[in-house]
Amino acid sequence: MKIAVFSAKRYDRDFLTAANETAGHQLRFFDEMLDQESAALAAGYEAVCIFVNDRADAGVLKALAAAGTRLVALRCTGFNNVDLQAAAELGLKVVRVVTYSPYSVAEHAVALLQAINRKIHRAYNRTRDSNFALDGLMGFDLHGKTVAVVGTGKIGCVFAKIMLGFGCRVIGYDKYPSETFTALGASYAQPGEIGAKADIISLHCPLTPETHHIVNADTLARAKRGALLINTSRGGLVDTEAVIEALKSGQLGGLAIDVYEQEADLFFRDLSNTIVADDVFQRLLSFPNVIVTGHQAFFTEEAITTICETTINSVSEFAEGRPLTNEIKAS
Ligand code: NAD
């Protein structure tokens, strides 16, 4: 089957090509992000493979379907960038990678937490400049602290387990509570209670209309003063301007994010020779107690291998008329 791969980086080419060795699909890699303009590149390709910031809204899907596409394969878990209703109406099937390595993302969330708490980003710069002073580098013991996990699915549970290993008390909120989470030794609480009690809040729920700006001026005002916020899920969960105000007032003690609401204009490319015009993002970067990574939480060898193998397998299932293990449908 002919597959047009959008937003293709070198690692996508390498790992998808390796995963495709036996299946033998025809892969064509495009640097371009999928949008209304670039959709024309997929003309004649029955399958289109996209990533987190590619746009598959109704207009783009219409253009793809008209030019012969029948399958949209997301090489990621989240699918907030696809209009599933429009896909269904156009007869397009949509698949994603339901499970790869939850460890990749959970471990990155822990790395961000450790870095922001113990000021590793600042220490790294200081010692390279032969500055070995400790002023401003004080953190706190994780042991004995309360960690809130919002979204206690696969990644949230791995994160919770690691935090329990540090000797933290773990509380969680999920629209659909699960025994897997409580069996770890964690407990559920209501959103208000979570905010008030948590020293650390880590977001692991999907971005939906319901969870959009789940962290906002109101929830931040009710949070424990000085709490740390970690977001490795989706940028749209957080109202960034409200977070900036909370950082300025000291209500929020620190922020470590792998995702940002307007990241589609920034992430996954080298902008070091340009002027970044996003003032909100630039303001964020000006805080000493903010760390940003560019959506790299998934980026481990194990995760990419599984992502690419699952994606190729989904295309093979479709090509052979088999049931689609990882299909997503409009609810
Ligand atoms: P999952 O489906 O296993 O878990 C998500 C959990 O969120 C579920 O338990 C679900 O019940 C819960 N949830 C749904 N709606 C909710 C709501 N309104 N309020 C609270 N909880 C709600 O998914 P996962 O594999 O653990 O992934 C979680 C998220 O992580 C994904 O949706 C994706 O956005 C993000 N992610 C980020 C990266 C990265 O590289 N930064 C990589 C993979 C996934």
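A crossover counts as right-handed if, with the strands pointing away from the viewer, the path from the first strand over the helix to the second runs clockwise. That's the sense in which β6, helix α6 (residues 154-165) and β7 form a right-handed β-α-β unit here. Keep in mind that this is a predicted model. Below is a quick tour of the sheet, the ligand site and a few residues worth a look.

**The sheet**
- The open sheet has 7 strands, paired in parallel and ordered β8-β7-β6-β9-β10-β11-β12.
- Its edges are β8 (187-188) and β12 (290-292); each has a single partner strand, so one side of each has no neighbour in the sheet.

**Strand β6 and its partners**
- On one flank, β6 runs parallel to β7 (residues 169-173), and 5 bridges join the two strands.
- Going along that pairing, Val 147 sits opposite Val 170 in β7, and Val 150 sits opposite Tyr 173.
- β6 also runs parallel to β9 (residues 200-203), this time with 4 bridges.
- Val 150 turns up again in that pairing, with Leu 203 as its bridge partner in β9.

**How covered is β6?**
- Strand β6 (residues 146-150) is mostly covered, with 5 of its 5 residues buried.
- Thr 146, Ala 148 and Val 150 point one way, while Val 147 and Val 149 point the other way, and all of them are buried.
- In a regular strand, side chains alternate between the two faces of the sheet.

**The ligand site**
- There are 23 residues around the ligand, and the nearest are Tyr 100, Lys 154, Ile 155, Asp 174 and Thr 232.
- By class, that shell splits into 9 nonpolar, 8 polar and 6 charged residues.
- Lys 154 uses its side chain: one of its polar atoms lies 2.8 Å from a ligand oxygen.
- Thr 232 comes in through the backbone, with an N or O atom 2.9 Å from a ligand nitrogen.
- Lys 175 also has a backbone N or O atom by a ligand nitrogen, at 3.5 Å.
- Taken alone, the ligand would expose 850 Å², and the protein buries 87% of that.

- Asn 81 sits in the loop between β4 (71-74) and α3 (84-89).
- Its relative accessibility is 13%, so Asn 81 counts as buried, the cut-off being under 20%.
- A polar side-chain atom of Asn 81 lies 3.0 Å from the backbone oxygen of Val 52.
- Ala 330 belongs to the segment after α12 (301-319), and it is partly exposed at a relative accessible area of 32%.
- Ala 330 and Gln 85 are 245 residues apart along the chain, yet their C-alpha atoms are separated by 5.3 Å.

- Lys 119 isn't a glycine, but it has a positive phi of about 60°.
- You'll find Lys 119 in the loop between α4 (102-118) and α5 (120-128).
- Phe 268 isn't a glycine either, and its phi is positive at about 70°.
- Phe 268 lies in the loop between β11 (252-257) and α11 (279-285), where it counts as partly exposed at 22% relative accessibility.

Definitions and conventions: Residues are numbered from 1 along each chain as its sequence is written. This is a predicted model: local features need pLDDT of at least 70, side-chain atom pairs count only at pLDDT 80 or more; totals for chains, interfaces and linings use all residues. Side-chain values use heavy atoms; hydrogens and water are left out. A residue is near a molecule or strand if one of its heavy atoms lies within 4 Å of it. A polar contact is a pair of N or O atoms within 3.5 Å; within protein, one must be able to donate a hydrogen and the other to accept it, and residues adjacent in sequence count only if both atoms are side-chain atoms. Accessible areas come from the Shrake-Rupley method with a 1.4 Å probe; for residues, only the protein chains shown count as cover. Ala, Val, Leu, Ile, Met, Phe, Trp, Tyr, Cys and Pro count as nonpolar, Asp, Glu, Lys and Arg as charged, and the others, Gly among them, as polar. Buried means under 20% relative accessible area, exposed over 50%, partly exposed in between (1.4 Å probe, protein chains only). Two strands pair if DSSP finds at least two bridges between them.
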